[in-house]
Each structure stands twice: as structure tokens, then as C-alpha cells.
Amino acid sequence: MTQDFHRFLDDYRSRYPEDVFEVKEEVSPDQEVTALVWALAAQGRAPMLVLDRVNGTRVVTNIFASRERIARLLGCEPSGIHKTYQEKARRAVEPKVVAKGPILDSVEERVDLTKLPLLKHFETDKAPYITNGIIAAENNLSYHRAMLHSKTELATSLHSRGHLWRLQQEKKGPLPVAMVVGAHPLFMMAASARVAFGMDARRIAGGLFGSPLEVVRTPKHGMLVPAAAEIVLEGTLDPEAKVEEGPFGEFTGYSSNRTTNTLFTVETILRRRDAILVDVVGGNSPEHLNLSRVPRESEMAEKLAERFPGVTRLHYPNSGVQFHAYVALRARREGEARQVMLALLGWDPYLKTVIAVDEDVDVTDDSQVMWALAAHFQPHRDVLIIDGLPGSALDPSASGAGTTSRMGLDATRGPGFEGVRARISEAAMARAAKILKR
């Protein structure tokens with residue numbers, strides 16, 4: 001499989017032209033890219049966008065907005081995303097260091113970040129942002145938003161308090177890093193994986209590709225970055241300096257100014273000769289949510305299946321940003337739905353609400369889950385609430401310390417349920433389909 005974004009794009013457009021929306025006319029970098037995504041979504045459409053002229057730059061965005069497109073990336077059907085992702089991720093392999101690659105077409109030591117193709121996604125954003133910034137450090141990949149601060153500096157946030165935050169806290173002095181802005185979608189997906197400290201997600205990228213990720217070393221600090229990346233910014237994170245950063249339209253749908261105010265000093269810019277700006281749509285867009293959610297969903301689905309054989313499906317709906325999950329199960333005994341919900345609420349620190357439904361309810365359809373809640377749920381009997389747990393730092397309703405409460409809603413029928421679901425025979429449905437086809 002190719003690891004080159006350009007070849008991926010050409011191949012995908014030739015195979016699925018109906019799933020790519022190209023705009024040849026000039027598009028402003030000030031919110032118009034996001035506006036196009038929102039306007040298409042209002043029509044029920046989520047194509048990959050190819051914008052030929054955005055302030056002199058070619059932009060590709062909305063890659064992960066469609067679950068069907070993610071399934072094509074993984075080589076499976078949409079219903080098999082969780083299983084396929086986990087199987088491929090488990091085949092993790094060490095990256096392969098190569099001497100050259102397209103990212104080394106241009107190596108600039110006279111840094112001027114004002115010449116980078118940056119987009120402003122929302123009117124409420126403080127400035128144009130890099131939304132697809134994957135910071136590569138030693139044995140670590142993670143996403144971090146980044147805002148232009150000066151010609152040689154970016155303001156970023158390590159608000160996840162994840163492994164990069166830990167590395168910076170442990171480092172005595174500036175932490176060498178490289179920010180990858182644009183690479184093959186499978187590398188992007190690997191970078192959002194939740195892994196143990198010290199586990200290099202570049203190995204997971206190799207598993208997803210089915211061959212080692214080809215990497216080059218950056219010239220100054222020797223960070224390993226994809227040889228076929230589009231743009232790479234090499235430099236250091238300063239553990240002492242604090243810079244103004246935010247607000248920025250986050251996955252919650254709110255403009256967030258919760259930030260670590262971290263300074264990223266850029267010392268080298270690497271880019272391929274025909275670099276494309278690979279953007280990630282910000283805010284609570286399906287792309288932003290899916291990109292971070294699919295690896296988490298896949299991990300949780302596997303853990304549930306291993307512990308609870310009655311679980312048949314797991315889904316994190318767009319409507320719940322990262323805070324809701326729906327789980328379908330074939331309950332064998334009383335209390336099993338509660339046990340499943342407690343497991344999910346304990347395993348995933350972002351989740352605030354889990355709704356459990358029976359296996360005949362389609363958890364990918366909000367309306368079906370809401371029907372199950374209406375028909376089966378009794379508040380005095382079927383709700384559990386736990387308070388005072390750490391949650392997402394970006395949750396606008398969390399306490400100042402970042403704590404939240406969590407809730408499970410049991411919308412399964414439960415033992416002794418006497419209702420019989422109304423149904424239409426298969427013969428009648430087949431007859432109706434024939435009539436409508438004519």
C-alpha cells in the first residue's frame with residue numbers, strides 16, 4: 001500500500017469519484033472551507049473536499065467525515081471497522097528509516113511561518129490554526145492545535161495532559177519535537193491511537209499500512225517523520241515560556257480557551273515540492289470526531305467483547321461528541337446491562353453518558369436509541385450516576401478541576417418485559433419495494 005498522500009488522493013478519486021467534491025474556483029482561507037463542509041452536511045453529504053485554490057495552496061479536508069470512507073481506508077465494510085482496526089493495529093512494526101523522501105524536497109532554516117498556508121475555521125477562533133498538527137517526539141505521536149505566534153513561533157496546547165505533556169514535564173530544558181502537517185490518512189489515524197506511555201504510534205501506522213512506516217530523520221533533532229509527509233515543522237517546546245493561545249473551536253462545539261499556553265519554537269521547515277495542506281475540519285464536525293473516536297471505539301469494543309460476550313455493537317454518536325456511547329447487548333441475566341455500562345464509564349475517561357439497548361436496536365441511528373429509551377426506560381429504576389470523576393479538560397460543563405459526573409441509562413427491555421414489538425412481514429416489505437421500484 002502506498003504511504004504517499006498524493007498517490008492515495010489520485011487513487012481514491014479514480015475509484016470513488018462520486019465521493020470527492022472538487023472546487024476549482026478561489027476559496028478564502030477565512031472560514032469558507034469550514035462553511036463548505038457545513039453546507040454539504042446540511043444536505044446530508046460528507047464527501048472528501050479537494051479545494052484547488054485557497055490563497056495559492058491546494059487544500060484537502062473532510063477525509064474522515066464518512067465512516068464508509070474510513071472503512072475503505074482499512075479495507076473492510078463499515079460494520080467491520082472496530083475489528084479490522086484492532087487486528088491491523090496489533091500487527092505493529094518498527095518504522096523503517098530511509099535516506100530520502102518527498103518531505104526533504106525543501107529544507108528551510110530561515111523560518112517564516114507567516115508564509116505557511118493556515119486556515120481560520122471559525123469566526124470565534126483567535127487566529128488561523130493548524131488543526132492537523134501531529135507532534136512527533138521520542139516514542140510519541142499526538143495531535144495538538146497550533147496558532148501562529150510569530151514568524152518563528154507557534155502557540156500550542158498540550159491540554160490532553162497526555163504522553164507529550166509528561167515528556168515535557170520530565171525533560172530538563174526544551175523538548176525537541178517535529179510537527180507533521182499532512183500525511184497519508186492511515187498515519188493520521190495511527191497518531192490518534194491511545195497507547196501506553198513509551199509505545200510508539202509510528203509502529204501502529206506500520207500495522208495499518210501492512211508494512212513498516214518509512215521515515216526520515218529531521219536535520220536538526222533527528223525526529224522520525226514520514227518520508228512522504230507534506231509539511232514538517234522541526235523545533236522545540238519550551239517548558240517555561242507561556243504564550244497566548246485560543247480560543248479555538250473544539251470538538252465540543254464550543255470555542256475553547258482552555259490551554260497550556262505552550263510555546264513551540266520552529267527551527268526548520270521541511271516540505272515536499274508540491275505540498276498539499278491536509279486539513280482536519282475543526283469544531284464538532286464528523287471528521288474531527290471520527291478521527292479521534294474510531295481508535296477509541298475500536299479499543300472499547302474489543303474490551304467489551306472479551307469481558308461481556310453478550311455485547312453485540314458499540315457506537316459513539318456524533319450527537320454526543322466524545323461524551324456519549326450507545327451499546328447493544330443480548331442480556332443473559334439481570335444487572336448485566338449495568339455492569340457493561342459501568343465498565344465503559346470506567347475504561348473511557350471522556351464518557352459521561354452510556355445508553356444500553358437490546359441487540360435489535362441499531363445503535364448507529366439516534367432515533368432508534370431514543371425510541372428504546374422512551375419505550376423501555378424507567379428513571380426511578382434504570383439510571384445510575386457516579387460523581388467526582390476526572391473527565392475531559394475541554395468539557396465546558398466540567399468543574400474548574402476538570403471533574404465530571406457519569407451516568408448510565410438502561411434502555412434494555414429487561415426480564416419480565418411483556419410488550420410485543422409491532423412488525424411487518426418480509427413478504428409485505430418485499431412487495432412494497434417492488435411497487436416503489438416501478
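Q: Which element gives the most to the lining of the second largest pocket?
A: In this predicted model, that element is α8, with 8 residues in the lining. The pocket itself holds about 620 Å³ of space. Among its 30 lining residues, S79, H82, E297, R313 and L314 are the closest to the centre. Two or more lining residues come from each of α4 (81–89), α8 (286–307) and β19 (311–315).

Q: What makes a residue such as E297 count as part of the lining of the second largest pocket?
A: A lining residue must have an atom within 4 Å of a pocket point. E297 is one of the 30 residues that line this pocket, so E297 meets that cut-off.

Q: How many residues of each class does the lining of the second largest pocket have?
A: The lining has 11 nonpolar, 11 polar and 8 charged residues.

Q: Why are β4 and β12 called paired strands?
A: Pairing requires at least two bridges between the strands. Strand β4 (residues 96–97) and strand β12 (residues 214–217) are joined by 2 bridges, and therefore they pair. The two strands run parallel, and K96 has E214 in β12 as its bridge partner.

Q: How do you know that β12 and β13 pair, and in which direction do they run?
A: Here 3 bridges join β12 to strand β13 (residues 224–226); the cut-off is at least two, so these strands also pair. They run antiparallel, and L224 in β13 is the bridge partner of R217.

Q: Which residue takes a positive phi in the hairpin of β12 and β13?
A: That residue is G222, with a phi near 70°, in a hairpin that has 6 residues between the strands.

How values were computed. Residues are numbered from 1 along each chain as its sequence is written. This is a predicted model: local features need pLDDT of at least 70, side-chain atom pairs count only at pLDDT 80 or more; totals for chains, interfaces and linings use all residues. Side-chain values use heavy atoms; hydrogens and water are left out. On a 1 Å grid over the protein atoms alone, a cavity is a set of points where a 1.4 Å probe fits but cannot get out, and a pocket is an open set with protein on both sides within 12 Å along at least five of seven lines; lining residues have an atom within 4 Å of a point. Grid points are joined across faces, edges and corners, and a volume is the space filled by probe spheres set on the points. Helices (H or I, at least four residues) and strands (E, at least two) are DSSP runs, numbered from the N terminus. Ala, Val, Leu, Ile, Met, Phe, Trp, Tyr, Cys and Pro count as nonpolar, Asp, Glu, Lys and Arg as charged, and the others, Gly among them, as polar.
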